[in-house]
Structures are given as structure tokens and as C-alpha cells.
Amino acid sequence: MTTKESKTALITGASSGIGQELAKLFAKDGYNLVLVARSTDVLNELGGRFWDEYGVETTVITKDLSEEDAAQDVYNQVKAKNLSVDVLVNDAGVGLYGLFATETDWEREKSLIHLNVLTTTQMTKLFLKEMVERNEGKILNLASLVSITPMPLMAVYAATKAYIYNFTQSLINELKDTNVSVTALLPNATDTDFFNKAGASNTKVTENLDNPANVAKDAYNALMKGAPKVIPGGLVNKAYEVMSYVAPQETMAGMMRKNMEPKVEAQTADEKGNKAALTWGIGLAAVVLAGAAIALVYANSSEYDKVRYRYKAGKIKSGADDVYGDVKDSLLSGLNSIKDAVSTAKEVVAKAKETFTEALA
Ligand SMILES: NC(=O)c1ccc[n+]([C@@H]2O[C@H](COP(=O)([O-])OP(=O)(O)OC[C@H]3O[C@@H](n4cnc5c(N)ncnc54)[C@H](OP(=O)(O)O)[C@@H]3O)[C@@H](O)[C@H]2O)c1
């Protein structure tokens, strides 16, 4: 039995990954659904399951959203069925792995930009207008943690996600006097078919993936609250965010490139054992690096800039408190390779110091 009979959520990219996990949450919460993707069978199967389990109705729209005016066609089909969309989730998106200059294919990049940017923008344009007229509605746009950092070897993909994040944040301001909210979702690398489809399944980043159901849960809660953005997952993801606000783009690009390089085939047992420690190393490095950046730049700043840096330092301090708290917990629970994490952090900070000293020379 539906609990929100008049409410309908339209989700693009609902046939797998984060989109499918979001669809499950909406169905469980009693929303009728409009599911859009190319995999008709999967969407029909989901619709059947949602009817059996939750009594909600699902309308399936089979569409290749990378086609010209795909969004207009979806909108027309929704109107023809006399449906009103209360929540729009722009989830469908793809990536593409390789060096931009010499390896990636332009036709695939063009299609990626169409799907990730044009369709998302046009879907938002078409459905937002009605939401504003009704003075009610919610939109969730799939950005990414790479919206706020460069991503060598997936350059075009990261650029599309930067667009989505920036676009969303501007809309939030334009809509501030309405009851319509737009939320940007910025997941870190997540365990879906995304990297496989992008040709990046053999990269280091895939060694440490977030759970799509957890990502969807955090996203759903943030969307329902009308939050401007959500970064799902733990402190390491938040540390990345803090670092991306203060570290130079070259430093971030270097770090991200390492993540995107091929996996080292035969990892030793020691290397595997140190993975958790390295994760903490990144977290620690992020906050210390951010602190080092602030300290170095602060000394050379105008009074106006000093106020800005003091504000950033406050944000970093709360991030640092969280990370150090968890490191302490790990120590208490016997994670004895934490000293490796600290030395990793020290190395990164030493590199950061070099970078900043050069920048300020
Ligand atoms: N996984 C990650 O690490 C990660 C991190 C940050 C952000 N994101 C973003 O999260 C979103 C969902 O990705 P995911 O990780 O859940 O990947 P996924 O499992 O590969 O899901 C992608 C979804 O997009 C749909 N899609 C792809 N191309 C399409 C097209 N041309 N027309 C219509 N639908 C299309 C797919 O459906 P069909 O194939 O059935 O058409 C599928 O439902 C994407 O926007 C991605 O950029 C992912």
C-alpha cells in the first residue's frame, strides 16, 4: 500500500548501481516511480518487484539518454501519461578511461558529455519549471568527489562532474526563496559497474570502493532534507573534500593520477596488510597538508585574505579532530600498522611543503 500516493520520483540510470539503490529506497518509502535507462528488462523486473513488495506503480521509459533531445522525449512521454514528477534524480552517467590526447575516442567522449551534461541540464530545465510553478519539488544531481578535484586519465568525465556540481550550486541560490530544493551527490569511488564500463576496472582506485547501498542511503536522507550537497561515506572522503579546498590543483591532480594508474599485479601480503594503514595515511595527510597549506600561505597574505584563511583553518581543525579521533580508536583496537600511515602522511606533507615553498618563492 502506498503511503505517498500522489508522489512520483523519476530516476534516470535506475537499472544498476547507485540509481537502482535509490529506486529501492523511494519504492520502500511509497513513491510511485518513473524509471529511465536502456535496459528495459531490468527496469520491468524492478517495477514488478516494487509492486509486489511495496504496492507502488512503476512506469518504465526505455531511452538512450545520450541521444539528441533525449530529455525532451522523456518529458513528452511523462506528460503523455499525465504524470507529475515530484522528485527528479539525474543519476545516469558514464566515465571513460585513458589519456585524452592519444588514447580516448572522441565519439565516446561526445556521447559522455551529452549524457552527463546536456541531458542532465535539459531534464532539470524541463521538470524544474513545473516544480517552481507548484512551489514544491526536489532534484538530486549526480556529481562526484571529482567534481572538486582534477582527475587525470578520466579528464572529460571529471570535467562533466565539475559542471554538474557548479550548475547545482548556482540553482540552489536561484531557488532559495522557493520550496524547491536541488542537492548534489558527491560520491567517492563506488562499487558499481561504472569503472568496468569506463575501461578502468584494473586501476588502483577500484581497490577501495564504497558500498552503493550506503551511498544511496546518505543521498536519500540529504535529498529529503533539501541539503545543498552530500558526500557519503566516512572521514577519508571528507578529508579529500577539505584537502581539495586548500591544496593546489597540481597536487590534487598528482594524487588522483596515482589512484588512476593500473594496479600492481602481485601485491605482497605486507602491502595488502598495509592498505588500511595507507587509507588512514591519506586521511591524516589530507588534514595535515591542509594545515601546512594554510600556515604557509597565511604568512604571506593580505589582511583580507587572512580572514579567509582563518575561516578555512576552522573547517580543517574540525576535520582533523574527527580523523585523529578515529585513528586513536584504531590504535586502541590493535591496528598496529598505523605507524606506516603516519609515515605516509609525513611523506605527503613533506612534498606539500616543497610545493608551497616553491609557489611562494
Ligand atoms: N561508481 C562510482 O565510483 C561513482 C562515483 C561518483 C559518481 N558516480 C556517478 O553515479 C552515477 C551512477 O553511476 P553508477 O556508479 O551507479 O554506475 P552504473 O552501475 O554503471 O550505472 C549507470 C546507470 O546509467 C545508465 N546509463 C548509462 N548510459 C546511459 C544512456 N546512454 N542512456 C540511458 N541510461 C544510461 C545505466 O543504464 P543502462 O545501461 O541500462 O542504460 C545505469 O542504470 C553516474 O552519474 C556516475 O557518474 C559514480
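1. For the helix pairs discussed here, an axis is a line fitted to C-alpha atoms over the stretch in contact, and the angle between two axes is taken between their N-to-C directions. In this predicted model, helix α1 (residues 17–28) and helix α7 (residues 212–225) have axes that come within 8 Å and cross at roughly 55°. The two helices, α1 and α7, are therefore oblique to each other, and α1 passes α7 in a right-handed crossing.

2. On the α1 side, the residues that meet α7 are Gly 17, Ile 18, Glu 21, Leu 22, Leu 25 and Phe 26. Their partners in α7 are Pro 212, Ala 213, Val 215, Ala 216, Lys 217, Ala 219, Tyr 220, Leu 223 and Met 224. Sorted by class, the residues of this contact between α1 and α7 comprise 12 nonpolar, 1 polar and 2 charged.

3. A second pair is formed by helix α3 (residues 70–80) and helix α4 (residues 106–134), whose axes come within 8 Å and cross at roughly 35°; the crossing of α3 and α4 is right-handed. From α3, the residues Ala 70, Ala 71, Gln 72, Val 74, Tyr 75, Val 78 and Lys 79 meet Thr 119, Gln 122, Met 123, Leu 126, Phe 127 and Glu 130 of α4. The contact of α3 with α4 consists of 8 nonpolar, 3 polar and 2 charged residues.

4. Turning to charged pairs, the count of salt bridges in the model comes to 12. One of them joins Glu 67 to Lys 63, with the closest N and O atoms 3.4 Å apart. Glu 67 counts as partly exposed because its relative accessibility is 38%, whereas Lys 63, with a relative accessible area of 14%, is buried. Lys 63 and Glu 67 also belong, together with Asp 73, to a network of linked salt bridges.

5. Lys 110 and Glu 107 form a salt bridge in which the closest N and O atoms are 3.7 Å apart. Lys 110 is partly exposed at 41% relative accessibility, and Glu 107 is partly exposed too, with a relative accessible area of 47%.

6. A further salt bridge links Asp 177 with Lys 176, the closest N and O atoms being 3.9 Å apart; both Asp 177 and Lys 176 are exposed.

Notes
Residues numbered from 1 in each chain as written. Predicted model: local features only at pLDDT ≥ 70, side-chain atom pairs only at ≥ 80, totals over all residues. Heavy atoms only, no water. Axes fitted to C-alpha atoms, helices over the stretch in contact; angles between N-to-C directions. Helix = DSSP H or I, 4+ residues; strand = E, 2+ residues; numbered from the N terminus. Parallel < 35°, antiparallel > 145°, perpendicular 65-115°, else oblique. Left-handed = near helix turned anticlockwise from the far one by under 90°. Contact = heavy atoms within 4.5 Å. Nonpolar A, V, L, I, M, F, W, Y, C, P; charged D, E, K, R; others polar. Salt bridge = Lys/Arg side-chain N within 4 Å of Asp/Glu carboxyl O. Buried < 20%, exposed > 50% of the residue type's maximum accessible area, 1.4 Å probe, protein only.
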